Every structure is written in C-alpha cells, then in structure tokens.
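Colleague: Could you walk me through the ring contacts and the enclosed spaces here? I'd like the criteria alongside the values.

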Amino acid sequence: MSPFARRATEAEAPPPGAIPGLRGAPVRTPVRAGGPHTGPTLWPAIAGRLLTRQMWIELYGLPGYTLTLKGAKATAFSATPRDFRPADAQVGKALLSGRATLAGSTLEVEAGGDVWDRPCPTKAFAVDLHAFAWLPGLMTQGEKGAREALRLTLLWADHFARWSPFAWGPEILSRRVFNLACAARKLGGVATEAERQRLIDILGRQARQLLRPPGGLAGKAERMVAAAVAGCVIAGPSGASLRKRAIHALAGALRATVAGDGGHASRNPEAGLALLLDLLTLEDALSQLSETSPESIGGAIQRLTAALRVQTLPDGRLTSFQGGGPSQAALVAAARAHDDWSPTEAARGPIAGSVGGLRRIHGALLTVVADTARPAHGAWGEAACAQPLALEIACGRDRIVTGCGWSPRAADRQALRLTPGHSTLTLGEQSLGDPLGGWKGELLGPRLIGRPIHVGAEHREAEGAVWLEMEHDGWAVPFGLLHQRRLYLDQRLDELRAEERLHPAPSHVEGDVVRAIAAPYAVRFHLEPGVQASLARDRRSILLRGHSGRGWWFRTDGPDVAIEPSVHIDEGLTRRSLQIVVRGSARTDAETKIRWKLSPAGAAGDPV
C-alpha cells in the first residue's frame with residue numbers, strides 16, 4: 001500500500017471465479033467520489049434563484065420601500081391569540097438578568113442593554129433571536145417581562161426597520177410575526193399611546209411583507225398562517241384586509257402542504273406538528289373575532305391531528321424521521337389536547353396505520369415504525385434524509401432503536417442526514433443522497449440531492465401477527481442490488497423477526513452478465529441515548545435495557561456484530577449514544593440474507 005509497493009501482476013490476480021472483495025482477494029468495492037452530483041436539472045432553479053434573489057434585494061432595499069407596506073391606520077389590538085406551545089420561563093428569567101440563551105448558546109448582555117448591536121455566537125442563535133423565539137418565555141414574567149419585551153421589540157425596529165435578506169428572510173419573518181402577534185395585545189397594555197401605535201405599525205408592515213415574494217410553495221402555509229394571525233390581532237379595516245388576503249392564499253397552500261392522510265409534504269413529522277399548532281392558534285384568534293374557520297383550515301387541523309396519533313410513540317414524543325426530531329412530550333401533548341380521541345386512547349388499544357410514508361405496526365409492548373417512501377425532493381427536501389427503510393422501535397415506553405435524530409436545528413451536522421445516520425442498511429459506506437452544500441446550498445437551501453429512489457411496501461395482518469415487507473432500488477446503480485427488509489411481528493410473544501435481503505436487480509447487467517464484486521454492507525441499529533447494550537459470549541446476541549430497566553435480546557446471524565459509538569441530536573444539541581452494527585460482504589451476482597430478532601429477556605433459552 002506504500003508509494004513503493006510492487007504493482008500487481010497477472011500472476012497475482014485472483015483466480016477465475018473468485019469474487020473481488022471477499023476474503024483472500026483484493027478489495028474492489030466501488031466508492032463514489034465525495035460531493036453530490038447535481039446534474040443539469042438543477043441549473044434552471046439555480047439561475048432562477050440568482051435572478052430573482054438579486055431582483056428582490058435591489059427592489060426591497062430601495063429607500064422608502066417600507067412605505068409601500070403601510071396599510072390603513074389602526075389604533076388598537078382586537079384579539080389575543082393563544083400560542084399552544086409551552087413557554088420556557090427560564091429563557092425569560094435569564095433574559096431579564098442580562099443573559100440571552102438560545103439554540104444552545106449564550107450571549108451576556110447587561111440588564112437593560114441592547115442585544116441587537118453585538119455579534120451573535122452562532123447562526124442558530126441569530127435565527128432564534130431575530131425570530132423572537134425568546135418572546136413567549138419573556139411574557140411569562142408578568143409586567144416586568146412585558147415591559148422588557150416591548151423595549152427589545154422597539155430596539156429591533158430601530159436597527160432593522162428596513163428590509164434585509166437575513167432579518168426579513170421568509171422563515172425568520174414568519175416566526176417573528178407569529179410570536180409578536182400572540183404577545184401584541186399584552187405588550188400594548190404596558191405601552192404608551194405612541195409606543196402602541198408604533199407596535200401596530202411594526203406588526204402590520206412585517207405581516208404584509210409575508211404576502212409578498214420571495215418564499216416559494218414550501219413554507220407558504222406557515223407564512224400565511226402568521227400573516228392571518230397578525231390580521232386577527234390588528235383591529236379595524238387594516239387587520240380585516242390583511243386577514244382576508246392571508247386566509248385566501250392559505251387555502252391553496254394547505255392543499256399542497258397537507259396530504260389526505262395528514263402527512264406534511266416534507267415528510268417531516270415535526271413540521272406537521274408545528275403547522276398544526278400554528279393552525280390551532282389561528283382558529284383560536286378567529287373565534288375571538290366571532291368568525292368561523294374556513295373549511296380548508298378545519299380540514300387541515302383534522303388531518304394533521306389524525307396523523308399526529310400515528311406519529312406519536314408510547315413515550316409521548318414523535319417518531320424521528322426525515323429531518324424531524326422527537327420533539328418534547330409537553331409540546332406533542334399540547335397539540336393533542338383538543339383531540340377528543342385522546343381520552344379514550346387506552347380503551348381503543350395501540351395505534352397502527354400509515355401516514356406520509358411512515359408505516360406503524362405494534363404488538364402488546366413492541367411498537368415499530370418504518371420509513372416506506374422516498375425522501376421529499378426539490379424545495380420540500382431541505383430537511384430530507386437519505387434513509388429509506390429506516391426503523392424506530394419502542395419496547396413499552398422505552399424507545400430502543402432510533403436514528404441520529406438530525407433536524408434543521410443541527411444545521412452544522414449535515415452528515416447525519418446520510419444513509420448511515422439511521423437504522424437501515426448501507427453498502428460500501430455510501431449514501432443514497434447528499435445535502436446540497438457550498439454556494440448552491442446557500443442559494444437553494446440544503447436540499448437533498450441524489451438519484452430517484454423507488455420504494456415499495458406490502459402490509460399484511462393475520463390473527464396475532466403482522467407482516468411488513470419493504471424494498472427499495474437505491475443500490476441498483478452503484479452495486480446492482482435491491483434491498484428488501486422483511487418484518488414479522490408476533491403479537492402474542494412480542495417478538496420481532498426480520499430479514500435483510502440483498503438480491504440482484506433484474507435490470508443491472510453488463511452484457512447479460514452481472515459484474516461480480518463484493519459489496520461490504522453494514523446494518524445499523526442506532527440506540528436511544530441511555531440505552532444499555534451488553535454483548536453476550538456467543539458474539540451474536542446483545543442484551544438491551546432501556547430507561548425502565550426491562551431487558552430485550554437482539555440476536556442476528558450476521559458474520560460480524562459490534563457495539564460502536566454513535567451520536568443523537570436532541571433539540572439541536574449532540575448527545576452520546578451507541579449503535580449495533582452488523583457487517584459483512586454481499587455478492588452482487590447472488591442473494592445475501594441477514595436475519596435478526598428482537599425478543600423480551602427472561603426466557604429459558606436466553607444467551608449468556
């Protein structure tokens with residue numbers, strides 16, 4: 001392997017019939033060069049974004065542009081929308097003492113100082129700061145907190161009243177408008193007449209900007225909800241006009257964003273949860289004005305609520321797929337509080353079903369959720385992950401098998417979006433897609449780039465048993481193999497039996513002969529932080545214990561089994577965890593099977 005190593009000769013070549021890559025032969029596993037291959041199909045989007053972005057920067061940056069955002073004069077607030085998200089009082093207490101803690105970072109500011117005139121420690125901190133993510137926590141601190149919130153809001157307007165690409169970016173702007181609208185009436189209660197008038201003007205101008213480009217379809221529903229909530233808060237014809245325009249645009253956005261089964265178009269469960277909470281706030285604001293919610297809003301709330309039932313695991317948190325983290329149990333509970341289905345959940349029994357490509361099956365204790373669809377693409381794929389057939393397994397209330405939990409809050413850890421970042425199979429340590437980076441990613445967002453993947457799934461049930469068979473063709477081009485994952489859940493024994501099958505794709509041939517190489521595979525099972533894993537003497541069995549202490553045996557017939565370090569993202573912060581990795585080599589001209597099983601510990605035949 002050194003620079004002076006002898007070149008291989010014909011005599012040293014593997015004998016006829018030998019498979020390169022297997023033991024005793026040189027490894028010839030093809031490895032793709034780094035970086036996503038964008039291809040020519042992305043260039044129209046790049047060219048269009050370059051032109052329009054510069055056009056909006058030039059237009060919105062013109063002196064006097066903010067005058068075009070002025071509406072009819074309003075002098076009061078007419079509603080106090082309820083934000084159903086639980087507020088973090090600690091954020092408000094820290095801010096009153098001169099310490100701003102956001103997105104895992106802290107900025108020290110003297111009490112009564114100006115937080116807007118100093119550099120932020122991280123970009124994530126700056127996003128939460130300008131999105132007014134601190135405002136709900138500050139409003140829990142009574143009159144003192146409201147006065148400080150009013151002061152910081154007016155200071156923001158002093159610095160950023162003119163449009164700028166970051167502070168007025170669509171995503172940040174929509175969250176700022178939403179948070180400010182929910183607090184506006186309370187802020188007006190501690191403001192002078194001049195300050196109240198200025199607060200109305202600040203909210204109105206920003207809400208009207210949400211109705212203008214740029215933005216795109218992805219995220220449009222969230223922007224229109226924020227604008228509509230602001231229209232409910234501002235009294236008089238000015239608020240009514242804003243509300244009418246936003247709700248009219250929202251109807252079409254919801255049709256594109258929320259599928260018939262309640263799945264979000266991004267396939268991100270957390271995105272669906274956030275939209276549901278926003279819509280509940282809008283519905284509450286409309287009810288305060290004695291206005292009935294349009295059918296488009298009520299229907300979307302019903303579908304998102306039904307989807308949330310399937311996406312919530314027994315520990316009260318969400319499934320972690322496609323850029324959605326588990327979220328907080330209190331946040332999920334707040335979104336489900338209006339659901340009249342929840343009080344009778346125990347009587348109805350465990351939940352099963354399919355939402356947005358996520359299929360859920362269950363036994364008495366075991367709950368299994370599998371990703372049975374391709375990742376979202378285009379602008380919807382900014383948080384998508386290249387992890388087809390990924391699994392999450394909960395044993396009772398213990399979440400045992402999961403993924404790395406990547407979400408956009410951990411934007412600096414894009415590698416966790418790759419195929420090895422979840423509990424699925426990889427070949428050659430490659431990924432089936434890559435997030436767009438560099439200047440293209442800055443322009444279009446970190447959307448997922450990769451070859452189109454076809455994913456199929458078949459679900460069958462019988463007395464006391466569930467069968468789920470899934471397959472995808474993502475490995476067909478680089479290796480000529482299809483990955484099939486078969487799951488059999490014995491509901492009587494609470495035992496999950498599975499088979500990973502790699503078999504040649506019918507269309508992947510070179511001159512009617514499949515190119516015979518060895519592709520090293522790795523089947524990963526990422527464990528929830530805190531789950532204990534102990535390898536038995538047979539080197540094929542691993543004892544797993546969750547937070548409850550209940551034991552479960554993981555067994556496999558794979559050639560090499562190991563417990564290795566892993567990481568898990570929780571609310572944007574990285575935590576240490578473990579992963580079970582089953583490794584081996586698969587021939588590209590033959591079938592390879594790896595079997596594994598998860599069963600309760602305590603049986604007579606348990607390994608030692």
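Colleague: Which residues do ring pairs link into a cluster?

Modeller: Ring pairs link Trp116, Phe132, Trp134, Trp156, Phe160 and Trp168. Rings of Phe, Tyr and Trp (its six-membered ring) pair if their centres lie within 6.5 Å; planes under 30 degrees apart count as stacked, over 60 as edge-to-face and the rest as tilted. This is a predicted model, where local features need pLDDT of at least 70 and side-chain atom pairs count only at pLDDT 80 or more, while totals for chains, interfaces and linings use all residues. Residues are numbered from 1 along each chain as its sequence is written, and side-chain values use heavy atoms, leaving out hydrogens and water.

Colleague: How many aromatic pairs does a search of the whole structure find?

Modeller: The search finds 15. Tryptophan 56 and tyrosine 60 form one that is stacked, at 5.4 Å centre to centre.

Colleague: What makes that pair of tryptophan 56 and tyrosine 60 stacked?

Modeller: Their planes are 15° apart, under the 30 degrees for stacking. The two residues are four apart in helix 1 (residues 43-60), so about one helical turn separates them. Helices here are DSSP runs (H or I, at least four residues), as are strands (E, at least two), numbered from the N terminus.

Colleague: Why is tryptophan 56 called buried?

Modeller: Buried means under 20% relative accessible area (exposed is over 50%, partly exposed in between; 1.4 Å probe, protein chains only). Tryptophan 56 has 18%, so it counts as buried, and tyrosine 60 is buried too, with 4%.

Colleague: And why is the pair of tryptophan 116 and phenylalanine 160 edge-to-face?

Modeller: The ring planes are at 75° and the centres 6.2 Å apart, so the pair is edge-to-face. Tryptophan 116 lies in the loop between strand 2 (105-108) and helix 3 (123-130), and phenylalanine 160 in helix 5 (residues 142-160), so the pair ties together parts 44 residues apart in sequence. Tryptophan 116 is buried at 7%.

Colleague: How do you know that arginine 175 lies over the face of phenylalanine 178?

Modeller: A charge sits over a ring if NZ of Lys or CZ of Arg is within 6 Å of the ring centre and within 35 degrees of the ring normal. For arginine 175 the distance from the ring centre of phenylalanine 178 is 4.7 Å, and the residue lies over the face.

Colleague: Why is helix 8 described as largely enclosed by the rest of the structure?

Modeller: Of its 14 residues, 13 are buried, so helix 8 is largely enclosed.
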